[in-house]
Amino acid sequence: MSQSTSSSMTITADPAVVLDVIADFDDYHQWAENVTRAQVLTQDSDGWARTVRFELDAGVLRDTYVLAYDWNILEDGTGTVSWELVESTVIRALDGSYQLKPAGDRTQVTYQLCVDVNIPVVAVLRRKAEKSIIDQALRGLKQRCES
């Protein structure tokens, strides 16, 4: 992912717990700000979501988009979950990843994201929006995993 933004957070939960929350798309609307619905469209033979349709309502930005997922995860829940945009009407790129690493009895989660929209946006504002999306997602993930 070129020119992406990333941030990390330590979550007081086992990597497998964090992974379970990330993989539970039916409940994204409960912790992922601005996501009003997520629906798994296809799964691989192990039951991991391959493509997921999201409905986004971020005030001035509303969109329905589909992401394709890749699950490079070990049995203990560590590894990387990555995605790339398959289709959208407003968003031109939405590629990212969660990297899960053990940190004692906690999990270090690094979220990397590259966003581009079909309207002209100054690079500084795009990076600021990416940082805001990442920070909101990490806070929501942390709260969901630790509750």
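Which residues of the largest nonpolar core touch the most other members? In this predicted model, the core comprises 36 residues, and F54, Y98 and L141 have the most contacts with other members. Helix α3 (residues 123-146) supplies the largest share of this core, 5 residues. Leaving aside residues up to four places away in sequence, Y98 touches I22, W31, G79, T80, V81, W83, V109, T110, Y111, A137, L138 and L141.

The strands form an open sheet of 7 members, ordered β1-β7-β6-β5-β4-β3-β2, with antiparallel pairing. From one strand to the next, the twist averages 20°.

Within the sheet, strand β3 (residues 49-58) and strand β4 (residues 61-73) are joined in the antiparallel sense by 8 bridges, and V52 stands opposite L67 in β4. Strand β4 also pairs with strand β5 (residues 79-87), again antiparallel and over 8 bridges; here N72 stands opposite T80 in β5. A hairpin is formed by β4 and β5, with 5 residues between the two strands. In the turn of this hairpin, G77 has a positive phi of about 95°.

Helix α1 (residues 15-23) lies across β1, β4, β5, β6 and β7 (106-117). The angle between helix α1 and β6 is about 160°.

Conventions:
Residues numbered from 1 in each chain as written. Predicted model: local features only at pLDDT ≥ 70, side-chain atom pairs only at ≥ 80, totals over all residues. Heavy atoms only, no water. Core = buried A, V, L, I, M, F, W, Y, C linked by side-chain atoms within 4.5 Å. Buried < 20%, exposed > 50% of the residue type's maximum accessible area, 1.4 Å probe, protein only. Helix = DSSP H or I, 4+ residues; strand = E, 2+ residues; numbered from the N terminus. Contact = heavy atoms within 4.5 Å. Pairing = 2+ DSSP bridges. Axes fitted to C-alpha atoms, helices over the stretch in contact; angles between N-to-C directions.
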